[in-house]
Amino acid sequence: MQFLSELPATMQAIEVDAGHQLQFVSRPLPALRSGEVLVKVAAAGVNRADLVQRAGFYPPPPGDSDILGLEVAGTVVAVAGDEDHHADAHWLGADVFGLVPGGGYAQYVRVPVAHLLQRPVEMPVTTAAGFAEVFLTAYQAMFSLGGLAAGQAVLLHAGASGVGTAAIALAKAAGAFVAVTVGSDDKAAACLALGADVAVNYKTTDFVTVLKDAVPQGFHVVVDPVAGDYLPKNLQLLALDGRIVVLAMLGGRTVPAFDLTQMFKKRGQLLCSTLRNRTDDYKSALIADFMQQFGLQLQSASLSPVIAQVLPWQQADHAHQLLAGNQLVGKVVLTVD
């Protein structure tokens, strides 16, 4: 082990108790494994997956921390020292952000070196804390799985969410046409301001009718965290050889009548994907691919998550309530002290 400075033996963290409530506890500092660093957390992003885990339905991968939190920003304060990873010492003292499989709601967290991203000087630490999960999820859905290319059209459901707003930025940077569905006129206006070409309030408008008129050739990629009765609607809007990428089941786990004949006619693909339980190697490759395509925009801070609110981590429960209320545009971030 190589240290930036002397470290405490224990840290404060937020865990979920037996009644699904959040509570502060004292925990030992995470033990580093080969190829990992210890990050002193300055801020942590809040994601819907945290709410699902809190409710008891999204356990961490085996061997990973049961503490909530899938992304952090902070400073590297220790490096796992062995002869195969001695070069990792250059990360000591670096301001970083990145994905973690759990453990973000804590003063310290371990992170694989290959999952670290250097925080641009121009990017505030609270902004960086909300970057990795949404941008990498959006990148995976649209590009790694969806194969989105310049000149094609993408439909983003929940366009004002953290993933939705990140996806707007990436898709427009790649030269795609972007349509979103949202739950209010204010969210529609916000998405249009972020660069979306079309925004439809699904509560007041039949989005299938509007989007068929707006994009008669259909959408090459549909990114859908809703599922349920959205899947037959997605099929109506799908382009030839299009792909529907389902990220969650906010609209329910069962699907109404779904005519596979139409899928065959369009040679469509239906893909379901998560990110947290992917292997470290998969995440490393995803990050490398993301940096190859969008690294210059990241380092210039021209790509940035939309941060709706920043709260002290003592208000983590309120942050969860805000996210569950589904009224925000963008991310909620917790500052950690």
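**View A. The largest nonpolar core of the predicted model comprises 47 residues.** Within this core, Met-142, Val-154, Leu-156, Leu-170 and Phe-290 have the most contacts. At least two core residues come from each of the helices α3 (132–145), α4 (162–173), α5 (185–194) and α9 (280–299). The strands β6 (95–99), β9 (153–157), β10 (177–182) and β12 (219–224) likewise each supply at least two. The greatest contribution is that of α3, which gives 10 residues.

**View B. Surroundings of Leu-170, one of the residues with the most contacts inside the largest core.** With neighbours within four places in sequence left aside, Leu-170 is in contact with Phe-135, Ala-138, Tyr-139, Met-142 and Phe-143, as well as with Phe-290, Phe-294 and Leu-303.

**View D. Packing of helix α6 (residues 207–214) against helix α7 (residues 230–237).** The two helices pack at an angle of about 15°, and their axes lie 10 Å apart. Angles under 35 degrees count as roughly parallel, and α6 and α7 are therefore roughly parallel to each other. The crossing of α6 past α7 is right-handed.

**View E. Residues at the contact of α6 with α7.** From α6, Phe-207, Val-208, Leu-211 and Lys-212 take part; they meet Tyr-230, Lys-233, Gln-236 and Leu-237 of α7. By class, the residues of this contact comprise 5 nonpolar, 1 polar and 2 charged.

Terms used. Residues are numbered from 1 along each chain as its sequence is written. This is a predicted model: local features need pLDDT of at least 70, side-chain atom pairs count only at pLDDT 80 or more; totals for chains, interfaces and linings use all residues. Side-chain values use heavy atoms; hydrogens and water are left out. Axes are lines fitted to C-alpha atoms, for helices over the stretch in contact, and angles run from 0 to 180 degrees between N-to-C directions. Helices (H or I, at least four residues) and strands (E, at least two) are DSSP runs, numbered from the N terminus. Angles under 35 degrees count as roughly parallel, over 145 as roughly antiparallel, 65 to 115 as roughly perpendicular and the rest as oblique. A crossing is left-handed if the near helix is turned anticlockwise from the far one by less than a right angle, and right-handed if clockwise. Contact means heavy atoms within 4.5 Å. Ala, Val, Leu, Ile, Met, Phe, Trp, Tyr, Cys and Pro count as nonpolar, Asp, Glu, Lys and Arg as charged, and the others, Gly among them, as polar. A nonpolar core is a set of buried Ala, Val, Leu, Ile, Met, Phe, Trp, Tyr and Cys residues joined through side-chain atoms within 4.5 Å. Buried means under 20% relative accessible area, exposed over 50%, partly exposed in between (1.4 Å probe, protein chains only).
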